[in-house]
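Hi,

Here is the structure I promised to pass on. Have a look at it first, and my notes on the pockets and the helix follow below.

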Amino acid sequence: NETEAYEVLDHAPRGFSLLTPRTGDALVYSYPYSSKSSTLRWERPDTADPYFNVRRFENDSATFSDTVRYTVVVVDSLAPQRLMRFTADARGTAPALTITDTMAYRIAYELSGWKTPLQNAVYWSVEASDGLYVTRSDPPHQSAEPGNYLILKREDLVGVQPHSDMTRSLS
């Protein structure tokens, strides 16, 4: 059997922008003992891959489309070689990543190198991949920044006093 000649065209996922949090926003988290979460969100084009519902054979009505998966990249603002990657929600197919307070602490801890980081500035961006091509999220306001600037800020629990068995006298 022979088929007619065909060509596989370049077909990187379509471009998209980050939505929230916006550049300069703060993500405030409590650690430990918190079950709160925050969500990073970005656009998802109606058809994330430029070629969809493609027929492989002329006589076959079955169509195929690439599945575009998203990865969030978080980079330390002072040392870009320090970065972390996270698969987006829904096994990478959703245009969102839910970040629990524990995850936010882990990001701040691992990127800053401090055991108890109170605040850490990072950039976050997203990569869309169809398994062959990768498209990075558009930079904010067409800048040279690697993504949206985000401040991870730890909120101390209100009303919690440090425990001490020692009593000190000032006399």
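**What turned up**

Thirteen residues line the second largest pocket, and Val 73, Ser 125, Glu 127, Arg 136 and Pro 146 are the ones nearest its centre. A pocket here is an open set of points on a 1 Å grid over the protein atoms alone, with protein on both sides within 12 Å along at least five of seven lines; a cavity is a set where a 1.4 Å probe fits but cannot get out, and lining residues have an atom within 4 Å of a point. Strands E6 (69-76), E7 (83-87) and E9 (119-129) each give two or more residues to that pocket's lining (strands are DSSP runs of E, at least two residues; helices are runs of H or I, at least four; both are numbered from the N terminus).

This is a predicted model, so local features need pLDDT of at least 70 and side-chain atom pairs 80 or more, while totals for chains, interfaces and linings use all residues. Residues are numbered from 1 along each chain as its sequence is written, and side-chain values use heavy atoms, without hydrogens or water.

The largest cavity is lined by Leu 40, Val 74, Ile 99, Ile 107, Val 122, Trp 124, Leu 150 and Leu 152. E9 and strand E11 (148-155) each supply two or more of them.

Just after H1, Gly 113 has a positive phi of about 85°.

Cheers
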